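Have a go at each task before reading its solution.

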Amino acid sequence: MAFAQEKMTESGEWSLVEVGEYAGLVQKDDEEPEGVAELRGYVQEIISQTDANGSGGIDFDEFYDAAQAEAEAFGEEMPSEEELRGVFDFLDHDGDGEVTANEVVNAIVEEFAEGAAFLQKLRR
């Protein structure tokens, strides 16, 4: 509990950056965040289960099929193909038509870091 108390701000709350550091999603110095390797393994496991052609990544058809299966499993409405394409293109950072675990993890970490930076600016 001492660690948690040390990480609290003066208001008694954790900052988003501190939560990210604790969760291992925000980089400290030049090292890869601790939680990133674990997250990458988890994402790779999901991609492996979705990767019908065994390429090591998922193409848009595999992405679409996985989204459809998830929507059906949870009784949710299927997102439009346009919405799915937007998410897929966002994740496919190098534009090669396949999404890899590294691309997903990088997107998560970048979004988290951008959100943390934005919130820090709002606090000032």
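**Exercise 1: a charged pair**

R85 counts as partly exposed, at 36% relative accessibility (buried is under 20% relative accessible area, exposed over 50%, partly exposed in between, with a 1.4 Å probe and protein chains only). This is a predicted model, where local features need pLDDT of at least 70, side-chain atom pairs count only at pLDDT 80 or more, and totals for chains, interfaces and linings use all residues. Residues are numbered from 1 along each chain as its sequence is written, and side-chain values use heavy atoms, with hydrogens and water left out.

Task: find which side chain meets R85 in a salt bridge.

Solution: 
1. Take the rule: a side-chain nitrogen of Lys or Arg within 4 Å of a carboxyl oxygen of Asp or Glu.
2. The partner is D89, at 3.6 Å from N to O.
3. Both residues lie in helix 5, four residues apart, about one turn of the helix (helices are DSSP runs of H or I, at least four residues, numbered from the N terminus).
4. D89 is partly exposed too, with a relative accessible area of 44%.
5. By this rule, the count comes to one salt bridge.

**Exercise 2: the start and end of a helix**

Task: work out which residue caps the N-terminal end of helix 4.

Solution: 
1. Inside helix 4, the buried residues are F60, E62, F63, A67 and A71.
2. Just after helix 4, G75 takes a positive phi of about 65°.

Note on methods
Helices (H or I, at least four residues) and strands (E, at least two) are DSSP runs, numbered from the N terminus. A polar contact is a pair of N or O atoms within 3.5 Å; within protein, one must be able to donate a hydrogen and the other to accept it, and residues adjacent in sequence count only if both atoms are side-chain atoms.
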